[in-house]
Amino acid sequence: MQALSAIAGSGALAVMSQPAEAKDSSELPPPKLALTGRDAAGKSVFKSFDVTSKVVEIDSNPGLTFYELYMTEGVPQLTGLEPDPMLKGTIGFPGPGGTMFRLISYPPRRPEGYKPPAGVTFESGLKELSDKLPGMGDVFDRSAPGMHTSDTVDYGVVVRGEMTLELDDGQKVHLRQGDCIVQNGTRHRWRNPLSEPCLMAFVSIGGKRA
């Protein structure tokens, strides 16, 4: 294995970029989530406003961090009394009709000569992904490291930093802060071209492959 690197929208590994001095992703403040609902009288209330308890760090790819914010299954009932679904854990991708809302912090472009942590292989990196985000490691193409395909429509936006989205046959688009993507269940990978972390927001909607 050459190297393990960032993931994807909503989730996945990307191929390791090359040279540059990396800024420590710990310099970035963790995002907070304002979660609303209703009280017993039906009045709108804030149930919480804090950093999500589901912060998933991928040790095999230092700096790759998932902020798991919220998920739904089927058609939401909108009572406002539902418990926080993240108390049950998290998932890699939602099933048909479900949704997953997450932020992903991608590590900076690695300096020349960078090596992954001792003992890390491509397969062990994917296993860690699936252990921490069930099913996520299963969507990766073993013949083209970083390429992956999920049965979801992914809405994504670059919150800060920049990112390159690569599709089949090397087609690429360079995304800057504020740029958005809609990923229609297509094969792709992500590359951070800068020497600073990139934070992206994703909402994934589970679908069925025709």
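1. Let's start with L126, which sits in helix α1; helices here are DSSP runs of H or I with at least four residues, strands are runs of E with at least two, and both are numbered from the N terminus. L126 counts as buried because its relative accessible area is 2%. Buried means under 20% relative accessible area, exposed means over 50%, and partly exposed is in between, using a 1.4 Å probe and protein chains only. In space, L126 and I58 are 9.9 Å apart, C-alpha to C-alpha, although 68 residues separate them in sequence.

2. A word on what you're looking at: this is a predicted model, where local features need pLDDT of at least 70 and side-chain atom pairs count only at pLDDT 80 or more, while totals for chains, interfaces and linings use all residues. Residues are numbered from 1 along each chain as its sequence is written, and side-chain values use heavy atoms, leaving out hydrogens and water.

3. Back to the helix. Which residues of α1 are buried? They are F122, G125, L126, E128, L129 and S130. The cover over the buried residues of α1 includes β3 (55-57) and β4.

4. Now the whole chain. You'll find one helix and 11 strands, in the order β-β-β-β-β-α-β-β-β-β-β-β along the sequence. Of the 210 residues, 45% are buried. Take the contacts (heavy atoms within 4.5 Å) between residues at least 6 apart in sequence: 69% of them join residues at least 24 apart.

5. Once neighbours within four places in sequence are left aside, M200 touches R102, L103, I104, Y106, V157, V158, V159, M163 and W190.

6. How many aromatic pairs does the structure hold? There are two. Rings of Phe, Tyr and Trp (its six-membered ring) pair if their centres lie within 6.5 Å; planes under 30 degrees apart are stacked, over 60 edge-to-face, and the rest tilted. Y106 and W190 make a tilted pair, 6.4 Å centre to centre with 45° between the planes. Y106 is in β5 and W190 in β10 (residues 189-191), 84 residues apart. Both W190 and Y106 have a relative accessible area of 0%. W190 and F202 form an edge-to-face pair, 5.7 Å centre to centre and 70° between the planes.

7. Last, the largest pocket, with about 470 Å³ of space. On a 1 Å grid over the protein atoms alone, a pocket is an open set of points where a 1.4 Å probe fits, with protein on both sides within 12 Å along at least five of seven lines; lining residues have an atom within 4 Å of a point. Its lining has 20 residues, with Y70, T72, P76, E82 and P83 nearest the centre. Both β1 (33-38) and β4 (65-72) give two or more residues to this lining, and β1 gives the most, with four.

Definitions and conventions. Grid points are joined across faces, edges and corners, and a volume is the space filled by probe spheres set on the points.
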